[in-house]
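Hi everyone, thanks for coming.

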Amino acid sequence: MADTPPNFYKTGLRPLLFNALNADPERLHQQTLGLLAWLAANPAEGGWQQPLRRAAQSGLKAAYCQSDSRLSQTLWGLHFDSPLGLAAGFDKDGQAARAWPLLGFGFAELGTVTAQPQPGNPQPRLFRLPADAAALNRMGFNNQGATALAKRLEALWHPLDCPIPLGINLGKSKVTPLEQAAADYLASFKALKDWGSYFVVNVSSPNTPGLRMLQARDQLEPILAALQSANRPRQPLLVKISPDLADADLLDIINLAQSYELAGIIATNTTISREHLQTQTLATGEPVRHQPGGISGAPVRQRATEVIRLIYQHTQGQLPIIGVGGIFSAADAWAKITAGASLVQVYTGWVYEGPGLARQICQGLLNQLDRHGLKSISQAVGLNSIES
């Protein structure tokens with residue numbers, strides 16, 4: 001029975017949405033968030049809707065959640081029931097924050113959120129590339145702003161009382177000059193400090209002009225210094241990096257992360273590379289090669305895993321990694337965990353594989369633990385990256 005939801009999605013619902021109805025990806029995305037927000041709303045509220053919501057939430061848990069102590073671990077003082085989380089970008093404004101525990105995720109990352117609310121880039125700005133099991137997005141950090149996200153989370157839970165760890169991904173407001181980036185990130189952090197389990201400095205999105213320049217040591221260091229100086233009591237702070245950096249630049253960021261006692265690194269964001277894509281044109285008829293935006297999904301899978309391995313080996317496994325990029329199956333998740341990731345995230349894979357993906361991955365990881373004679377997922381971290 002556990003396979004029924006994802007199989008139905010892939011063979012029935014996905015072709016209908018992707019092909020027959022040719023639904024606009026962004027509009028469909030927003031409709032999905034709205035439905036999940038309604039289903040996951042507090043069942044103690046809503047009058048006549050209470051029994052319907054209770055039944056829906058119970059059904060979601062039964063269909064999509066997989067609980068096993070072998071998948072649990074503690075990082076940064078936070079308990080993760082499973083290593084699989086939802087990546088940033090899917091739920092920018094926390095609309096469906098209550099839904100992610102019901103869909104089998106061990107944690108979820110909200111955002112990217114900016115200090116100033118902003119509309120993002122002109123539409124259309126989200127495209128499916130089915131031939132490549134990928135997506136191209138040039139959203140541009142569209143979000144309602146840090147203050148609005150804080151108010152929404154305050155309405156959902158008491159501080160840090162979410163059933164799963166909630167990360168918050170911080171970006172730079174487009175209107176803020178690069179030289180004022182540190183103050184911009186700091187404003188978002190202060191507004192949301194009470195509502196996140198961990199925080200991520202996003203300097204690697206290709207969709208905000210100049211943002212990736214902030215990955216340079218002289219640009220990133222003031223941001224980390226400002227955030228850590230205000231980070232009392234200390235909250236886990238991570239940095240999210242690009243797959244397009246040269247190895248030497250990656251090592252520079254790793255060393256900087258260690259110098260500022262960051263909690264970890266997220267590897268990786270989307271890529272601007274267009275190499276080996278089968279898709280030649282977007283739905284608009286424009287050539288992919290000449291269109292701005294980041295590619296996610298299968299095309300970034302191998303490089304993301306390589307970056308994870310480099311970080312793990314360079315730090316001798318002492319700096320926790322969240323691995324993301326091209327995870328569509330348990331085998332993909334296992335590859336990143338054994339390369340050195342303590343936690344992994346999905347986004348594009350969830351869109352292509354459907355809501356049953358989290359449970360499928362968790363079951364597959366348990367099978368891998370049995371196959372390798374391991375008692376917990378933490379024992380698998382870096383298994384294939386240990387240098388002899």
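This is a predicted model: local features need pLDDT of at least 70, side-chain atom pairs count only at pLDDT 80 or more; totals for chains, interfaces and linings use all residues.

Let's begin with Asn207, which touches Asn121, Asn137, Arg138, Met139, Gly140, Gly293 and Gly294, leaving out residues up to four places away in sequence. Contact here means heavy atoms within 4.5 Å. Asn207 sits in the loop between β8 and α6. The helices (H or I, at least four residues) and strands (E, at least two) are DSSP runs, numbered from the N terminus.

Residues are numbered from 1 along each chain as its sequence is written, and side-chain values use heavy atoms, with hydrogens and water left out.

So, is Asn207 buried or exposed? It counts as buried, because its relative accessibility is 10%. The cut-offs are these: buried is under 20% relative accessible area, exposed is over 50%, and partly exposed is in between, with a 1.4 Å probe and protein chains only.

Asn207 also turns up in a record. The UniProt annotation "binding site", from an unreviewed entry, covers Lys92, Asn137, Arg138, Met139, Gly140, Phe141, Asn202, Asn207, Asn269 and Thr270. UniProt positions are given in the numbering used here, feature names are shortened, and annotations may be inferred rather than shown by experiment. In the loop between β8 and α6 we also find Ser205, which UniProt lists for "active site", again in an unreviewed entry. Ser205 counts as buried because its relative accessibility is 7%. Not counting residues up to four places away in sequence, Ser205 touches Phe141, Leu211, Arg212 and Asn269.

Now to Asn202, which is in strand β8. Asn202 is buried because its relative accessible area is 3%. What does Asn202 touch, not counting residues up to four places away in sequence? Its contacts are Thr112, Phe141, Asn169, Leu170, Gly171, Tyr185, Leu211, Lys240 and Asn269.

Some of these are polar contacts, meaning a pair of N or O atoms within 3.5 Å; within protein, one must be able to donate a hydrogen and the other to accept it, and residues adjacent in sequence count only if both atoms are side-chain atoms. The side chains of Asn202 and Asn169 make one at 3.2 Å. Thr112 and Asn202 are joined through their side chains at 3.1 Å, and the side chains of Thr112 and Asn169 meet at 2.7 Å. Thr112 itself is in strand β4, and it counts as buried because its relative accessibility is 5%. The peptide bond joining Gly111 and Thr112 is cis, with omega about 15°.

Let's zoom out. The strands form a closed barrel of eight, running β3-β4-β7-β8-β9-β10-β12-β13, with parallel pairing. From one strand to the next, the twist averages 25°. Two strands pair if DSSP finds at least two bridges between them. Four bridges join β8 to β9 (residues 237-241), and the two run parallel. Asn202 stands opposite Lys240 in β9. Helix α4 packs on the sheet, touching β4 and β7, and its direction makes about 150° with that of β4. For those angles, axes are lines fitted to C-alpha atoms, for helices over the stretch in contact, and angles run from 0 to 180 degrees between N-to-C directions.

Helix α5 (residues 181-192) is next. Its buried residues are Ala181, Asp184, Tyr185, Leu186, Ser188, Phe189 and Leu192. They pack against β4 (107-113), α4 (146-156), β7 (166-170), β8 (198-202) and α6 (217-230).

Most residues other than glycine have a negative phi, and most peptide bonds are trans. The bond from Gln123 to Pro124, though, is cis, with omega near -5°. Trp76 has a positive phi of about 55° and is partly exposed, because its relative accessible area is 25%. His276 also has a positive phi, near 70°. His276 lies in the loop between β10 (264-267) and β11 (294-297), and it is exposed because its relative accessible area is 75%.
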